[in-house]
Amino acid sequence: MASISLKNIYKIYQGDITAVSDFNLEIDDKEFIILVGPSGCGKSTTLRMIAGLEEISKGKLYIGENLVNDVAPKDRDIAMVFQNYALYPHMTVYRNMAFGLELRKVPKDEIRKRVTEAAKILDIVHLLERKPKALSGGQRQRVALGRAMVRNPQVFLLDEPLSNLDAKLRTAMRTEIIKLHKKLETTFVYVTHDQIEAMTMGDRIVVMKDGFIQQVDTPQNLYNYPCNLFVAGFIGAPQMNFLDAIVKIEGENIIIKFDENYQFNLTGEKFEKLKAYDGKKIVAGIRPEDLKVANAEEISNYKIKAYVDITELMGSEIYINFDSFGQKMICKAPADTNVKSESEIEIVFDIKKMHFFDKETESAIH
């Protein structure tokens, strides 16, 4: 097994187009790390540089103790699983899984043993004589994983492997891949644009934007302590509500003012850093799950009037899209919450869960 070290990695294409900039990351042995971000952020390019399928423009890449910048893909002891499975259509499942080992002149008995073991783990023993066209999407994905497994690589690289599957199968395969990682005890580097996949699968998540790392942390820390507006908006579904506000300091009182009618008086150590922003504009953020519909008797200093636009029933919960002081927001509430479209309600903020960001730099004010 192996760790991976990326030091000051750049990918610059012809025409001075920079896809990845100053990428620094230490991936521990046996870690499951996720690269996540919107399309075009550089996550797949980074994965392909680790695989050796893209040349590194600047920087150093180590797998284990070995510098591998100039090492051919086949000699890096990695295995890659692609989005489109990349199976040979004319070969059976068995041959698809065995083919890489045959090219390496592995003895036939050893090949049979490895393929059978992988097929048992992935529950595809009954499919070994079929060809890819006779398989479902989920079965093809298992074969692609099996083909990688039989090589016993130091590192698994997975490039959006579930994006071609339907929602139900994607959820099931997420669980299977997590189990597989625990079973194999190998380093996994997994690329996705789906933040739910990232939050449920990774030991740590690397959030990327425009070729730069925005934040690297555990799923829970990314959710609780986003370092800037982009991460705060990208992690969480529905995304965080963002509200423009002005900070006013009156004696020991820290006030954030949304408009003439709404302002919150904040107390406690959590808000002390806002004192440096007296008279300045900031962005306040609160997640939909940290808002709740007030009942008639509820008394709160952090309550606003809201005009409901539409409601979306999601099964166990309901998303309430509303408008207040000219700003559109979403509240996530239990499904039995009695709220109708085009009605007026009151919304209570869980003030302890609010986030604050510098308006100019977009960095979090912690």
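Student: What makes strand 1 and strand 2 a pair?

Tutor: Two strands pair if DSSP finds at least two bridges between them. Strand 1 and strand 2 have seven bridges, in the antiparallel sense, so they pair under that rule. In strand 2, Ile-27 is the bridge partner of Ile-4. Helix 1 (residues 43–51) packs on the sheet and touches strand 1, strand 2 and strand 4. Touching here is contact, heavy atoms within 4.5 Å. The direction of helix 1 makes about 115° with that of strand 1. Axes are lines fitted to C-alpha atoms, for helices over the stretch in contact, and angles run from 0 to 180 degrees between N-to-C directions.

Student: What should I know about the source?

Tutor: The model is predicted: local features need pLDDT of at least 70, side-chain atom pairs count only at pLDDT 80 or more, and totals for chains, interfaces and linings use all residues. Residues are numbered from 1 along each chain as its sequence is written, and side-chain values use heavy atoms, with hydrogens and water left out.

Student: Why are strand 2 and strand 5 said to stand at the edges?

Tutor: The open sheet has four strands in the order 2-1-4-5, with antiparallel pairing. Strand 2 (17–27) and strand 5 each have a single partner strand, so one side of each is left without a neighbour in the sheet.

Student: How do you know that strand 4 pairs with strand 5?

Tutor: Two bridges join strand 4 to strand 5 (residues 66–67), which run antiparallel. Ile-63 has Asn-66 as its bridge partner in strand 5. The two strands form a hairpin with two residues between them, and Gly-64 in the turn has a positive phi of about 65°. Strand 4 (residues 58–63) also pairs with strand 1 (residues 4–13), over five antiparallel bridges. There, Leu-61 is the partner of Leu-6.

Student: What makes residues 66–67 a strand?

Tutor: Strands are DSSP runs of E, at least two residues, and helices are runs of H or I, at least four, both numbered from the N terminus. Strand 5 covers residues 66–67, so it qualifies. The chain comes to eight helices and 20 strands.

Student: Which strands are at the edges of the five-strand sheet?

Tutor: That open sheet has the order 15-19-16-17-18, with antiparallel pairing. Strand 15 (291–293) and strand 18 (327–334) are the edge strands, each pairing on one side only. Neighbouring strands are turned by 45° against each other on average, direction ignored.
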